[in-house]
Amino acid sequence: MSTIWTLAKKDLLLLSRDKLALFWMLLFPFVFAVFFGAIFGGQGDGSSNRIKVAVVQEGLDAGKEAFLARLDDRPVELVRVPRAEAADLVRRGKASAYLDLVRVPADAFAVFRGETAEIELGIDPSRLAERGMLEGFLAEASFGGLREVFTDRAAGIAAARKAREDLSVGEDVPLAQRVVLATFFASLETFFGAIDFTRGDAGGANPMAGPAIRTVDVTRARSGPLNAYDVSFPQAILWGLLGCAAGFAQTFVRERSSGTLVRLWTAPIGRSTVLLGKALACAIAAAGIVVVLLAAGALTFGVGVSRPATLALAIAASAFCFGGVSVLLSTIGRTEQANAGIAWGLLCLLAMIGGGMVPQFVMPAWMRQIGAVSPVRWAIEALEGGIWRSYSIGEVLVPVAALLGFGAAGMVAGMLRLRRI
Amino acid sequence: MLRLTGLRKTFGALVAVDGVDLEVAPGETLGLLGPNGAGKSTTIKLALGVLDPDAGSVELAGLGSPRDPDVRRRLGYAPQDLAIYEELSADENLRFFGRLQGLHGRDLSRAVDEALALAGLVDRRRDRTGTYSGGMKRRLNLACATLHAPALLLLDEPTAGVDPQSRNHLFESIEALAARGTTIVYTTHYMEEAERLCDRVAIVDHGRVLACDSVDSLLAAHGSQPVVEVELAELPPASAKLPGPIEDGRLRFGVDEPELALAELRAQGLRWRSLRVQRADLETVFLELTGRSLRDA
Ligand SMILES: Nc1ncnc2c1ncn2[C@@H]1O[C@H](COP(=O)(O)OP(=O)(O)O)[C@@H](O)[C@H]1O
Ligand SMILES: [Mg+2]
């Protein structure tokens, strides 16, 4: 063990003096994170702008359907689901919120009878922006065009008067109806003058203020990223890790070409020890890269840590994974150029399908499935689990297991290949 | 100490080592003298277990197989191609290789200090070796192989590409190691080095050991005649009887009495621009064994 550490320490010392390698491992990823963070930042979080809302399908009558129809031109995507599934969808992040239209008055004028809509809105309490937006949409829908009129008393009076005056000059309304409407608008004018609905002194709740929306807190397991940098930093960190794996593979080939490898082979240590030393150095450097980049992200763009324990586990697993991957990459190519070319080609492919270039959530489903063969995908998920997805230890175990698997496979494959070389 | 029996190694169609038998006694310095490509480095790597032979065996008497790490701890190897970390200082290189050899703490520090003194690098110990001269790098390359005081030291062209001063320094270091009782295998294509340092010299060419003996015995057996080299001024008359072949306008031959031979050539009508008479040395031994000069080979 102390020999492995001796070997690793030597590699870390060499790394600390290799400006170019440090550039690829730290500065390049940081620039990447800032660049893509800025780009995504311009379009919200980069995902579709429509808020996905699950609507409880039980008891949807004509009035409720009409209510939902009024949400149509809003950036809301409605999916009808059974009551039993609604909250779960939100919890799993498949929908931003769920709606249960408990009671929706049949017509807009029902407010005059003191009837208001009663709606259950299930949403993660931390998703303040979406919640505010949805409440606004629901209020709009429940009053249709009347809402504005009834919440502004002066405007209401003016509107009622104008409606009555228009009526008196208009010719195309039959006389009988004109009389009825004139009476209605006149009384409406009086009505507004007499009662201030907006102050809510008509007894208890102010029906004009909006539908009674009862918000149900559904803490979402995977809450959304708080800002675009929450997405771009994990991606960038992966680039740092890829640079790290490729860089350590390079140092191995350099040992071969510079002759120091023969000295290692003739030292009283096993060949696998030499590779384990490389893997350990790579893993330590990888963990360092994650910590440094996250710290830089936190200081400059407020990238947060939602679950420190999850993040720690994710970092350890990612470090192990890329340590193992570097061992396999070490055995590729006899010259530094060949090694760098093949290793980076492979890593770029893994990054591409694993969401290191374009985030996975904007990929089509089939592409996301292919991504499972890339350790990049699992490392991003694990890191995001600690950064903004708020994974519990249990939830991060799948990506962590995948990372450990990739790392172990890389190490074993590398050692087997080395035995043949 | 080291016995190589019937060693053979091929790289594709090329036979690099072609049935080498050698035995190195404890405490002796054995030279492998041969031109570039003779198979010296390959032989050393086979002895170390870095390469696997196609045939033959390597025995480290009293030590075991070089596959065993504990046996490797008693071996030292200075590769022909410099094997040091250029981004690290001499100190850091030596500490690293010392630790790999199992040295720790005070033993390690003492070994590093001694090695630095032996290599004459004490003043530059904290500088990156990338800034060193070729000779300094060579000295460090040797120091990295010797700091754990190995019983058997394999040195592959340890003076390649160094200035005369560093070469002398290296010679003194190696003589000091030999005086301590270290068994040394030393490869070179410089006969002067073999003559100065080695108790016995193996003449190697095309992967074979052509002769192996002490320098004096080799000279007696194969190089007793001085060599005459004559740079001809004009083509010799067709009737002339020549004692050797003409290459590039030079006539070369070995002869016991150079004066008589030259007088005879003059009598035959040969004219020369210059002439050189060489006393017998390993060069002449090599010439006699291979028909080629060590320098030209
Ligand atoms: N790894 C190798 N692959 C192919 N050919 C090699 C290899 N190592 C050495 N050779 C060839 O084997 C021959 C002997 O090489 P080497 O042992 O290095 O000779 P020397 O050390 O005496 O100069 C040379 O022709 C060389 O080109
Ligand atoms: Mg050689």
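Student: How many of the residues of chain B count as buried?

Tutor: In this predicted model, 50% of the 297 residues of chain B count as buried.

Student: How many residues of chain B are in contact with chain A?

Tutor: An interface is read from both sides. Here 26 residues of chain B are in contact with 23 residues of chain A. Between them the two chains bury about 2,200 Å², and 63% of that area is on carbon and sulfur atoms. On the side of chain B, the residues that lose the most area to chain A are Arg72(B), Tyr85(B) and Leu100(B), which together account for 28% of what that side buries.

Student: What polar features does the rule find across this interface?

Tutor: For polar contacts, the rule finds 10 residue pairs across the interface of chain B and chain A, with both residues at pLDDT 80 or more. For salt bridges, the rule finds 1 across the interface. The side chains of Glu92(B) and Arg17(A) meet in a salt bridge, with a distance of 2.8 Å from N to O.

Student: Which elements of chain B supply the side that touches chain A?

Tutor: Four elements of chain B each supply at least two residues of that side: α2 (69-72), β5 (75-78), α3 (90-100) and α5 (134-146). The largest share, 5 residues, comes from α3(B). Sorted by class, the side of chain B that touches chain A has 16 nonpolar, 4 polar and 6 charged residues.

Student: Let us turn to a single residue. Where is the place of Ser390(A), and is Ser390(A) buried or exposed?

Tutor: Ser390(A) lies in the loop between α15 (375-387) and α16 (393-420) of chain A. To decide the second point, one compares the relative accessible area with the cut-off for buried residues, which is under 20%. Ser390(A) has a relative accessible area of 18%, and therefore it is buried.

Student: What does the side chain of Ser390(A) make a polar contact with?

Tutor: The partner is the side chain of Ser306(A), at 3.2 Å.

Technical notes
Residues numbered from 1 in each chain as written. Chains lettered and ligands numbered in written order. Predicted model: local features only at pLDDT ≥ 70, side-chain atom pairs only at ≥ 80, totals over all residues. Heavy atoms only, no water. Contact = heavy atoms within 4.5 Å. Buried area = accessible area lost by both parts, 1.4 Å probe. Salt bridge = Lys/Arg side-chain N within 4 Å of Asp/Glu carboxyl O. Polar contact = N/O pair within 3.5 Å; in protein donor to acceptor, adjacent residues only side chain to side chain. Nonpolar A, V, L, I, M, F, W, Y, C, P; charged D, E, K, R; others polar. Buried < 20%, exposed > 50% of the residue type's maximum accessible area, 1.4 Å probe, protein only.
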